[in-house]
Amino acid sequence: MSDDTVDDVRAGGDGPTTDREWSQKDYHHPAAGWGAALSVARVLGREHTVVSGTRAMLTMNHDSGGFDCPGCAWPDATDGLKLDICENGIKHVSWEMTPKRAGREFFAEHTMAELETWTNFALEDVGRLTEPMVYDAATDRYAPIEWQAAFELIGQNLRALDSPDQAAFYTSGRLSNEATFLYQLMAREYGTNNLPDCSNMCHEASGRALQAALGTGKGTADLKDWESAEALFIIGVNAASNAPRMLTALSDAYRRGAQVVHINPLVEAAARRTIVPHEIVDMALFKSTPTSTLNLQVRPGGDLALLRGIAKAVLEEHRSDPKALDEVFLERHTHGFEKYRELCEATEWSDLERQSGLSETDIRRAAEIYSRSKRTLISWCLGVTQHEHGVDTVREIVNLLLLRGNLGREGAGPSPVRGHSNVQGNRTCGIDHRPTPQFLDRLAEACKIEPPREHGLDTVDVVAAMNTGTVKVFVGMGGNFALAAPDTAFTAQGLQQCDLTVHVSTKLNRSHLTHGRQALILPCLGRTELDMQQGGRQSTSVEDSMSMVHLSTGRKRPASPYLLSEPAIIAGMARATLPESSTPWEWYVDDYDRIRDVMAKALDGFEDFNRRVRRPLGFRLRQPARELVFHTPSGRAEFSTAELPDVIPASDDVLVLQTMRSHDQWNTTIYSDNDRYRGVKNLRTLILMNADDMRARGISEGDLVDITATARDGTTRSLHEYRALAYDVPRGSAAGYMPEMNVLVAHNDYSRQSDQPLMKNIMVRVTSSGQ
């Protein structure tokens, strides 16, 4: 790699429609509603799943023997809702249930060099993987391999390493709790805590902040709190695409008179109005409901300044109105309040305005809503966490909640929005490169192993370690690591230097092409599919973003008779790697109740797991902070006193770029080149810019532009010939799609607070192509 330009990528479409004319216009329709219904109909038709997909709608997210949506982690409805589904969930399920197949005939026809030229859409659109495949370097193709031979190849490579820490075991948020527990058990019995996961790139900041402030790494609010809050603050969340079932909560809140404040650089569709599809009368009458009472377009990274401004205004109000603060709560349950008060009072309004990008008037409007509410809930997502100061910002959210005692009572509390269906369960059940001594002690006692005590590598560390040769074997359970990770070229280079890469997947994706010297693709059952073991039909469990744990049971015939479940694949790898292990891997797989029995011994909160998970709606894991029990050094909720960060670029020609999903994608899976809620058709290689910023650079609507990001170490990464589109974003900011723009995020540009890649804080220069 050169010292100045380490990546240089030309635009290329990533969906099925790159040969068609692109367009963009403002979207004025309600979120969901008939637009979602028509989209679902098209998806079911395109994937030839009209019958099976319709049946799936009647069982998805149902407590009585249904399967959990493999999409987002929004909780299941508590009121017996029969169609607790959304457009993107149905897309995800139809994508999994497709009749298309990627069998041995397909791999025999195509070399990896050829498939490298395919779009990411085209790769996944081939269909479901049908049998285990091994890479043949002589032909540059994947060829069939027997399951046992695949396991032995993994075992041979892992046993040959000089140290267990030369292997990394990655996890996406799709993995069930039972598979998660077996996976981390395998890694730790093998001897490493190298357990990177997708949360390292998404909500690591949330966990670290909440742990420091409240003694718990999770939110305290549940769905009933959403249903009774008087004020909801939604920060850095694109609900209509990333958690569409939240639209029901937002519309219900508006109808009951609650205040709903959206804080985001983009005014997304969910922040305007919606028609919830299962509300049949509203659908028939085209009757929409507003989903907000106030929208604040904060500068990217300016959320902390806004939150501190709200706190400052509330503290000023307290001078004349003692009820503006919950003084009893502050005295009994918090630590550090007086220092925080002094910090707020010393912060100038001019600084808060400049850093937030909002006027004092706008900030005071939000403060008035907050101070008038008796029950306030604050929710946030990656717009908050994927910044250098993400931990400080989440701590500031907690600071604001503490001022008025919005913790430990109905309708209040912090509520992070997890984007993948079981990413929170993965962490709860042991996927953590920094396990606590308490967790390891219980695991050792329950499973009769001696787990390693040294911290392992996270996602950023693993990418670097593969490039230095420190990590030689990479195992990925789900996901598309080659595209999801930052610094795409550097990540690919690292994967290609591995002795062995193993990917457990349902469909072909870019990570299978970006492989090590030896490589395996291991196909697994999808969540919709019947999982039969010796003990009969099996169910697995997941944990939603509000700590509810419930069962998921697939019913559909598997896509291939050669598919194995994730627990069976993990057990096969473990036995081949640890032939002398006394852990009863095969016995666990025969009946997942046996896995849950040992989980009940090893995991805090999972006592009597098998009985409790079979209750209607499952059970909620205890959150001590919800009960005002704080496992912090002081035994109280901790105020933080972070300095106000400077989020304004040093140069006027630099924009702060944030990456995001389109509406027609899920994580790295691209369903089409369209983005309905942003009015985009047939285009993904774009950058959304403020019209004034475009004029200042001599850029017109639709012009081809080059985008260059400068990393902390001075290296640059560039994208060429992207379309510049005028959009309602704050001056000095821009936005574009991941995973295409992940190439701009340097591997060493990560938050020193959370170790998360700075995917919403990329400093770029945009110029007309050819200049």
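User: With which residue does D755 form a salt bridge?

Analyst: This is a predicted model, in which local features need pLDDT of at least 70 and side-chain atom pairs count only at pLDDT 80 or more, whereas totals for chains, interfaces and linings use all residues. Residues are numbered from 1 along each chain as its sequence is written, and side-chain values use heavy atoms, with hydrogens and water left out. A salt bridge requires a side-chain nitrogen of Lys or Arg within 4 Å of a carboxyl oxygen of Asp or Glu. With its closest N and O atoms 3.2 Å apart, the salt bridge of D755 is formed with R208.

User: How many residues apart in sequence are the parts that the pair of D755 and R208 ties together?

Analyst: Helices (H or I, at least four residues) and strands (E, at least two) are DSSP runs, numbered from the N terminus. D755 belongs to the loop between β33 (733-737) and β34, while R208 sits in helix α9 (residues 204-214), so the two parts tied together are separated in sequence by 547 residues.

User: Is R208 buried or exposed?

Analyst: Residues are called buried under 20% relative accessible area, exposed over 50% and partly exposed in between, using a 1.4 Å probe and protein chains only. With a relative accessible area of 15%, R208 is buried.

User: Where does the residue E740 lie, and where does R684 lie?

Analyst: The side chains of E740 and R684 meet in a salt bridge at 2.6 Å, N to O. The parts that this pair ties together are 56 residues apart in sequence, because E740 lies in the loop between β33 and β34 and R684 in the loop between β29 (680-681) and β30 (686-689).

User: Which residues do salt bridges that share partners join into one network?

Analyst: By the rule already given, the count comes to 42 salt bridges. Salt bridges that share partners build one network, whose members are D197, E204, R208, R427 and D755.

User: Leaving aside its neighbours within four places in sequence, with which residues is Y183 in contact?

Analyst: Contact means heavy atoms within 4.5 Å. Once the neighbours within four places are left aside, the residues in contact with Y183 are F169, Y170, T171, L175, I431, V475, G476, M477, I570 and M573.

User: Which residue stands opposite T710 in β32?

Analyst: Two strands pair if DSSP finds at least two bridges between them. Strands β31 (residues 704-710) and β32 (residues 716-726) meet that rule with six bridges in the antiparallel sense. They form a hairpin with five residues between them, where G714 in the turn has a positive phi of about 90 degrees. Opposite T710 stands T716.

User: What stands opposite V705 in β34?

Analyst: β31 is also joined to strand β34 (residues 762-768), which runs antiparallel to β31, by five bridges. The residue of β34 opposite V705 is S768.

User: What is the volume of the largest cavity?

Analyst: On a 1 Å grid over the protein atoms alone, a cavity is a set of points where a 1.4 Å probe fits but cannot get out, and lining residues have an atom within 4 Å of a point. Grid points are joined across faces, edges and corners, and a volume is the space filled by probe spheres set on the points. The structure holds seven cavities of 30 Å³ or more, and the largest has a volume of about 1000 Å³.

User: Which residues that line the largest cavity are the closest to its centre?

Analyst: The lining of the largest cavity consists of 50 residues. The closest to the centre are H420, R661, W666, N667 and T668.

Terms used
On a 1 Å grid over the protein atoms alone, a cavity is a set of points where a 1.4 Å probe fits but cannot get out, and a pocket is an open set with protein on both sides within 12 Å along at least five of seven lines; lining residues have an atom within 4 Å of a point.
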